[in-house]
Amino acid sequence: MSDKPYVRMTFDAMQRRSLRHLVSALDEDDHALPGDGAVASAITGYTEWVGDGEPVLTMGWDWEMRAGTDGSGVALRRVGDPRSNLCVVMRAGAADDIEDSSTLLKILIDRSNWQEETLRYLQRRYDG
């Protein structure tokens, strides 16, 4: 067992692991200011994903909802850095670098199709 508080994995190995959706939710909107005019706001939230098998992988990130650019409704876009128990490195033997790992996790997230599953979950959770 490692003494590090994270799971270390190469980028190639991480690309072969699948993650499944665990939970997503809307952020509470506590930024609204009372007044007579319109208040700029955004719909934001978070999503959490877990990997099957061992070692257990967890990854989450914040998102914001925007109007779709192709007239298809709304779209989710990752914002900020991911949260994870992973330290992803480009090759075995490379030094652990949390900043580089965060960049690699962003690439993995942005290449995946997490938006569709998250939107379906949010519709079920908040419908009715």
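**A tryptophan cluster, a sheet and its salt bridges**

W114 is buried, with a relative accessible area of 1%, where buried means under 20% relative accessible area, exposed means over 50% and partly exposed lies in between (1.4 Å probe, protein chains only). The structure is a predicted model, in which local features need pLDDT of at least 70 and side-chain atom pairs count only at pLDDT 80 or more, while totals for chains, interfaces and linings use all residues. Residues are numbered from 1 along each chain as its sequence is written, and side-chain values use heavy atoms, with hydrogens and water left out.

**Overall build**

- The protein chain holds 3 helices and 6 strands, which are DSSP runs numbered from the N terminus (helices H or I of at least four residues, strands E of at least two).
- Along the sequence, these elements follow the pattern β-α-β-β-β-β-β-α-α, and 29% of the 128 residues count as buried.
- Of the contacts (heavy atoms within 4.5 Å) in the protein chain with a separation of 6 or more, 59% are between residues 24 or more positions apart.
- The protein chain exposes about 8,500 Å², of which carbon and sulfur atoms supply 51%; accessible areas come from the Shrake-Rupley method with a 1.4 Å probe, and for residues only the protein chains shown count as cover.

**Aromatic cluster**

- A search of the whole structure finds 2 aromatic pairs; rings of Phe, Tyr and Trp (its six-membered ring) pair if their centres lie within 6.5 Å, and planes under 30 degrees apart count as stacked, over 60 as edge-to-face and the rest as tilted.
- W49 and W61 form a stacked pair, at 6.1 Å centre to centre with 10° between the planes, and this pair links distant parts of the chain, 12 residues apart, with W49 in strand β3 (residues 43-51) and W61 in strand β4 (residues 58-67).
- Both tryptophans count as buried, W49 at 9% relative accessibility and W61 with a relative accessible area of 2%.
- W61 also forms an edge-to-face pair with W114, at 5.4 Å centre to centre and 80° between the planes; because W61 lies in strand β4 and W114 in helix α3 (residues 114-126), the pair ties together parts that are 53 residues apart in sequence.

**Strands and the helices packed on them**

- An open sheet is formed by 4 strands in the order β2-β3-β4-β5, with antiparallel pairing; the edge strands, each pairing on one side only, are β2 (19-26) and β5 (74-84).
- Neighbouring strands of this sheet are turned by 30° against each other on average, direction ignored.
- Two strands pair if DSSP finds at least two bridges between them, and β4 and β5 pair in the antiparallel sense over 8 bridges, with R66 standing opposite A75 in β5.
- Helix α2 packs on the sheet, touching β4 and β5, and its direction makes about 155° with that of β5; axes are lines fitted to C-alpha atoms, for helices over the stretch in contact, and angles run from 0 to 180 degrees between N-to-C directions.
- Helix α3 lies across β2, β3, β4 and β5 and runs at about 50° to β2.
- Strand β1 (residues 7-10) pairs with β6 in the parallel sense over 4 bridges, and T10 stands opposite V89 in β6.

**Salt bridges**

- A search of the whole structure finds 11 salt bridges, each a side-chain nitrogen of Lys or Arg within 4 Å of a carboxyl oxygen of Asp or Glu.
- The side chains of R8 and D96 meet in one of them (2.3 Å, N to O), linking strand β1 to the loop between β6 and α2 across 88 residues; R8 is partly exposed at 34%, as is D96 at 26%.
- K4, R8 and D96 are linked in a network of salt bridges.
- R77 and E64 form another salt bridge (2.5 Å, N to O), with R77 in strand β5 and E64 in strand β4, 13 residues apart; R77 is partly exposed, with a relative accessible area of 40%, whereas E64 is buried, with 14%.
- K106 forms a salt bridge with D81, the closest N and O atoms being 2.7 Å apart; K106 lies in helix α2 and D81 in strand β5, so the pair ties together parts that are 25 residues apart in sequence.
- K106 is partly exposed, with a relative accessible area of 25%, and D81 counts as partly exposed at 47%.
- S102 is found in helix α2 (residues 98-111) and, leaving aside its neighbours within four places in sequence, is in contact with D81 and P82; S102 is buried, with a relative accessible area of 15%.
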